Amino acid sequence: MALGLLYLDDVADLFLMDHPLEDDPKIQTHIQTAVEMEMKLYANCPNSSEFEILSNEEIANRLLEYDAVLKY
């Protein structure tokens, strides 16, 4: 995760769309880092317990609240 100085003065949240995460130790390390940084984690598909499950409509409404959305 390369949020760097961007995260210093902004809020960054993670939205996982349509595909569950692979069971990979590197991915789990990134998710744990996001949790430690107090990022909010949202998903529209079942996955790890760290994610709050939302419908597509709920995710769309939340995305409208952000100044910038980056697809990664």
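A residue counts as buried under 20% relative accessible area, exposed over 50%, and partly exposed in between (1.4 Å probe, protein chains only). Leu 21, at 30% relative accessibility, is therefore partly exposed. This is a predicted model, in which local features need pLDDT of at least 70 and side-chain atom pairs count only at pLDDT 80 or more, while totals for chains, interfaces and linings use all residues. Residues are numbered from 1 along each chain as its sequence is written, and side-chain values use heavy atoms, leaving out hydrogens and water.

Helices (H or I, at least four residues) and strands (E, at least two) are DSSP runs, numbered from the N terminus. Between the C-alpha atoms of Leu 21 and Cys 45 there are 9.6 Å, with 24 residues separating the two along the chain.

Now for the rings. Those of Phe, Tyr and Trp (its six-membered ring) pair if their centres lie within 6.5 Å; planes under 30 degrees apart are stacked, over 60 edge-to-face, and the rest tilted. Searching the whole structure gives two aromatic pairs. Phe 15 and Tyr 66 are edge-to-face because their planes stand at 85°, with centres 5.9 Å apart. Phe 15 belongs to strand 1 (residues 14-16) and Tyr 66 to the segment after helix 2 (56-63), 51 residues apart. Ring pairs join Phe 15, Tyr 42 and Tyr 66 in a cluster.

Finally, there is one salt bridge, meaning a side-chain nitrogen of Lys or Arg within 4 Å of a carboxyl oxygen of Asp or Glu. Glu 52 and Arg 62 form this bridge, their closest N and O atoms 3.8 Å apart. Since Glu 52 lies in strand 3 (residues 52-53) and Arg 62 in helix 2, the pair ties together parts 10 residues apart in sequence.
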